[in-house]
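Q: Hi! I'm new to this one, could you walk me through it?

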Amino acid sequence: MDVTPSILTADFCKLGETLDEAIEAGINWIHMDVMDGNWVINKTITFGPAIIRSVRERLGDEVFIDCHLMINNAEETWIQYVDAGVDMIIAHIEAVQDFPNLISEVQSTGTQIGCVLNPDTEIEEVMPLLPDLDLVLVMSVVPGKGGQSFIPEVEHKVKAFREAIDEQENSGGKTPILMIDGGIKHHNAAMVSEWGIDIAVVGSGLINDEGTISQNLLRINKVLESQ
Ligand code: DX5
Ligand code: ZN
């Protein structure tokens, strides 16, 4: 399992240095959490396309950037994030009216698309989209902020998606990446990896006061290696 940092717990005055530190630690995928002050239950605002554009300029083209859109109008505004330089749009099934249409529109620009579902949303909402998706993201916290506790009840969802993706691959279809987001730390990373996760978003477990990104990543990778 790979790890991608969410920068929500970073000091935004030092974002450039934090990103450089992540890249130096061996990170090659950055997860950017966009909240518009409306969609998430705690009405948080994070950042928008301008910051993402600066991040892209800082990191160059080698690093993969996804943006996790926790916003009301993803169907109207996703193109702003593509223009800002993201490689992948991740939109919520709960926030988009016509997801099949969004998939084809985003993919027609050469950008990848993922579908994310909240902890209380049924997998059946996303399963029909699987043949066309580039990624499925299972939320293991209620979206809104970093540093929340992991919700272990998502286990059956992760395993069901793993099975469906493997079946699809075996029958010659696409192989969407399976991602998890929220509350992942060194103590539960091996568990979600065993469930079949390809890549875990880690925010406060990587960017915190306990250690450098490199030290925190090493601690996670050690438990993954000893699996
Ligand atoms: C939650 C965001 C996450 C999250 C990750 O709304 O989508 O990416 O902040 O942070 P941690 O790992 O601290 O839960
Ligand atoms: Zn996220």
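Q: How do the residues lining the largest pocket divide into nonpolar, polar and charged?
A: There are three nonpolar, five polar and three charged residues (Ala, Val, Leu, Ile, Met, Phe, Trp, Tyr, Cys and Pro are nonpolar, Asp, Glu, Lys and Arg charged, the others polar). The model is predicted, so local features need pLDDT of at least 70 and side-chain atom pairs 80 or more, while totals for chains, interfaces and linings use all residues. Residues are numbered from 1 along each chain, chains are lettered from A and ligands numbered from 1 as written, and side-chain values use heavy atoms, without hydrogens or water.

Q: OK, what coordinates the zinc ion (ligand 2)?
A: His31 (NE2), Asp33 (OD), His68 (ND1) and Asp181 (OD) do, at 2.0 to 2.3 Å. Donors are N, O and S atoms within 2.8 Å of the metal (3.2 Å for Na, K and Ca).

Q: Why is the arrangement called octahedral?
A: Because the six donor atoms subtend angles of 69 to 170° at the zinc ion; opposite donors must be over 155 degrees apart and all others between 65 and 115.

Q: Is aspartate 33 buried or exposed?
A: Aspartate 33 is buried, at 4% relative accessibility, and aspartate 181 is buried too, at 8%. Buried means under 20%, exposed over 50% and partly exposed in between (1.4 Å probe, protein chains only).

Q: New topic: how many disulfides are there?
A: Zero in the whole structure, counting cysteine sulfur pairs within 2.5 Å. For cysteine 67, the nearest cysteine sulfur belongs to cysteine 115, 14 Å away.

Q: And what is the relative accessible area of cysteine 67?
A: Cysteine 67 has 0%, so it is buried. Cysteine 13, by contrast, is exposed at 75%.

Conventions: Tetrahedral: all angles 85-135°; square planar, octahedral: opposite > 155°, others 65-115°.
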